[in-house]
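I opened this model to look up a few side-chain contacts. My notes follow.

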Amino acid sequence: MKIKSIRGFHDILPESIRRWHFIEDAARRIFELYGFSEIRIPVLEFTDVFARSLGTTTDIVEKEMYTFEDRDGSSLTLRPEGTAGVVRAYIEDSMHAKSGISKLYYTGMMFRHERPQKGRFRGFYQIGAELIGPQEPASDAELVTMLWRFFEETELTQFLELEISSLGDQNCRPQYKEKLVEYFTPQKNDLCENCQRRLQANPLRILDCKEKKCKEIAAEAPSMLDNLCQECENHFNAVKENLTAVGVPFVINPKIVRGLDYYTRTVFEVTTQELGSQNAVAAGGRYDGLVEELGGPDIAAVGFAMGIERIVLLQEKAIPKGFPKKVDVFIAHLGDEARKAAFPLAIELRQKDVSVEMDYGNKSLKSQMKRADKLGAGFTFILGEEELEKGVVKVRNMNESSEEDIKINEVVDAYQKFKS
Ligand SMILES: [Zn+2]
Ligand SMILES: [Zn+2]
């Protein structure tokens, strides 16, 4: 049997990795400017970490986690998302005792046993950021602005919309839930099976059900935004003001929900129409109750996560030509003596940050020139017996098809001078 990769898992090949680097580098650069530092957390945690943070009745925990028993019988899970592990690390390393504000970002592979489709994998990559400590609306706005700046930097905002809303808090959400139950109960039999079940446990989830009938009924449902308490309304207004002040465009979508109680106030999603029905490329919000839920102190937090595969798909629309690897210099050599002279020359150039390729054997000049072309070399240095005798290198500018003989011991300096 031929070996192959697991369904829903994919390789990122060298021809596309430069786009990944471009995206990851942009995230790192922007996040660092906003004061964030990278944290690396294990891909494997005790199942409890996710069960407690994601809620035992969510789709992820019920159906999608890769959970297995360790050799000692403990239940382990491959991380389905990053926040739970970051908060676990935050508590375990007592970061709250070291600083009132922790700004953390992560990138890495996540695992969910979902039905694979375009841009959706079972093993997929996310970049996320968590701002733990402050509860002021300026922190929500800073985080959202940072996310938007990342999308500007990667030339993606042309395809994107930022949607924000508020979920209220423990003060105002319970009454709102009651209003929802009141609203949906008379139409209960028209709701889908899932939503009928949600009606008592989690009526907010009905608002983002994808079933047509549920959508129609939910369209007229009371809005959380009309039912915020004064503090929540002030908070939401301040977030909006801050975003407006720095020119981050947003729309209000009161239908954004999160199923769990520790989510409070601000929620946001970055969506696109370009990738079919699964339209979110990033999602986040304030989760003031999670640190305590996982056994830490009562500390506020706000964060987001984004799926890199889907950002890569969008990025292909923004910069279709991609990011091909190019070699600065190709050294073509003819004969054993020339090859021996070419090797230290290649090493010297690389020491000076010039990327160099050359053949290992004794190929024909024609085939070497072909490879230089294929590698997109800007210059080819030709070293044949004649050049060796004269102590020169024939330097060919591949873009201008011009040639010049340069002394072999001066060619590195000459190249550097030309490039600068
Ligand atoms: Zn439904
Ligand atoms: Zn409130």
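**Salt bridges, metal site, cores**

I started with Arg339 and Asp336, whose side chains form a salt bridge at 3.1 Å, N to O. The model is a predicted one. Both residues sit in helix α13 (residues 336-351), 3 residues apart, which puts about one helical turn between them. Arg339 is partly exposed at 23% relative accessible area, and Asp336 is partly exposed at 40%.

I then checked Arg258, which has a salt bridge to Glu269 with the closest N and O atoms 3.4 Å apart. Arg258 is in the loop between β8 (251-252) and β9 (266-272) and Glu269 is in strand β9, so the bridge ties together parts 11 residues apart in sequence. I found both Arg258 and Glu269 buried.

The salt-bridge count is 25. I noted one network, which links Glu386, Glu387, Lys390, Lys394 and Asp405.

Next I looked up the zinc ion (ligand 1). The SG atoms of Cys192, Cys195, Cys209 and Cys214 coordinate the zinc ion at 2.2 to 2.3 Å. The site is tetrahedral, with angles of 106 to 114° among the 4 donor atoms. Cys192 lies in the loop between α7 (173-184) and α8 (193-201) and Cys214 in helix α9 (residues 212-219), so this pair ties together parts 22 residues apart in sequence. Cys192 and Cys214 are both buried.

Last, I went through the cores. The largest nonpolar core has 91 residues, and Phe31, Phe151, Phe184 and Met306 touch the most other members. Helix α6 (residues 137-153) gives this core its largest share, 8 residues. I also recorded a second, separate core of 19 residues, including Ala338 and Ile406.

Key. Residues numbered from 1 in each chain as written. Chains lettered and ligands numbered in written order. Predicted model: local features only at pLDDT ≥ 70, side-chain atom pairs only at ≥ 80, totals over all residues. Heavy atoms only, no water. Core = buried A, V, L, I, M, F, W, Y, C linked by side-chain atoms within 4.5 Å. Buried < 20%, exposed > 50% of the residue type's maximum accessible area, 1.4 Å probe, protein only. Helix = DSSP H or I, 4+ residues; strand = E, 2+ residues; numbered from the N terminus. Donors = N, O, S within 2.8 Å, 3.2 Å for Na, K, Ca; no water. Tetrahedral: all angles 85-135°; square planar, octahedral: opposite > 155°, others 65-115°. Salt bridge = Lys/Arg side-chain N within 4 Å of Asp/Glu carboxyl O.
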